[in-house]
Amino acid sequence: MGHLRFLVPVLILSLLLSACGTSDPPPAASEVLTAMLAAMEDTAQPLPDGVIRLSSAPADSPDALTETFLSALYGEAARGLLGEDSTHSRPVQDAALYLSVSPYPFELGVFRCVDEDTARAVAALCRGRLDTLARGFRGSAYEVAASGGRVAVEGNWVLLVLCEDPIPVSEAARRLLP
């Protein structure tokens with residue numbers, strides 16, 4: 001009986017501590033992008049040669065996703081999203097891109113934003129990027145593929161998927177998101 005009096009408070013304390021929650025940290029954008037790329041293996045479309053750019057890469061790395069690079073793709077409105085020129089918090093906390101290096105409309109993007117309002121603003125930039133690509137491929141053999149892009153907002157995450165079969169790629173990313 002003495003053991004029970006000791007175990008009950010310990011059990012209650014452990015339940016309270018677990019209820020306070022130490023939630024798992026969100027996945028890195030690079031992890032989500034890797035899952036999206038792996039999902040491409042299950043589709044009929046081969047993965048074109050490409051490059052990966054990460055906001056988490058050192059600034060002097062060829063893999064770095066810099067504000068200059070981001071604004072070249074998404075327009076001047078993207079400047080400031082990574083917080084490179086500011087001491088303020090970063091509106092986009094983590095980002096990863098996969099870009100085709102061949103003249104084929106294939107692009108994947110993952111953005112973890114500071115909040116849902118920022119995510120909606122980043123989604124608008126992603127839609128603008130898809131519109132630019134669709135216009136660029138208009139009249140070419142890739143016109144249909146270029147017009148099939150999707151942008152999804154999942155809480156404070158934004159997913160950009162431009163490939164022939166975006167559904168399994170999007171679903172692979174969603175499985176990792178909180």
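**Notebook: aromatic rings and the sheet**

Ring pairs join Tyr 104, Phe 137 and Tyr 142 into a cluster. I note at the outset that the model I consulted is a predicted one.

**Entry 1: the aromatic pairs**

I looked up how many aromatic pairs there are when ring centres must lie within 6.5 Å. The count comes to four aromatic pairs. I then examined Tyr 104 and Tyr 142: their ring centres are 4.9 Å apart and their planes stand at 80°, so I recorded the pair as edge-to-face. The label follows because planes over 60 degrees apart count as edge-to-face.

Where in the chain do Tyr 104 and Tyr 142 lie? I found Tyr 104 in the loop between β2 (92-100) and β3 (107-113). Tyr 142 is in the loop between α4 (116-137) and α5 (143-146). The two residues are 38 residues apart, and I noted that their pair links distant parts of the chain.

I next looked up Phe 137 and Tyr 142, whose ring centres are 6.1 Å apart with planes at 85°, so this pair is edge-to-face.

**Entry 2: burial of the cluster**

Is Tyr 104 buried or exposed? Tyr 104 has a relative accessible area of 16% and is therefore buried, because buried means under 20%. Phe 137 also counts as buried, at 16% relative accessibility. For Tyr 142 I recorded a relative accessible area of 33%, which means that Tyr 142 is partly exposed.

**Entry 3: a charge over a ring**

I turned to Arg 53 and found its charged end over the ring of Phe 69. The distance from the centre of that ring is 4.1 Å.

**Entry 4: the sheet**

In what order do the five strands of the open sheet stand? I read the order as β1-β2-β3-β5-β4, with antiparallel pairing. The edge strands are β1 (50-54) and β4 (150-154), each of which pairs on one side only. From one strand to the next, the twist averages 5°.

I then followed β2 and β3, which run antiparallel and are joined by seven bridges. For Tyr 98 I looked up the bridge partner in β3, and this is Leu 108.

Conventions. Residues numbered from 1 in each chain as written. Predicted model: local features only at pLDDT ≥ 70, side-chain atom pairs only at ≥ 80, totals over all residues. Heavy atoms only, no water. Phe/Tyr/Trp six-rings, centres within 6.5 Å; stacked < 30°, edge-to-face > 60°. Helix = DSSP H or I, 4+ residues; strand = E, 2+ residues; numbered from the N terminus. Buried < 20%, exposed > 50% of the residue type's maximum accessible area, 1.4 Å probe, protein only. Lys NZ or Arg CZ within 6 Å of the ring centre and 35° of its normal. Pairing = 2+ DSSP bridges. Axes fitted to C-alpha atoms, helices over the stretch in contact; angles between N-to-C directions.
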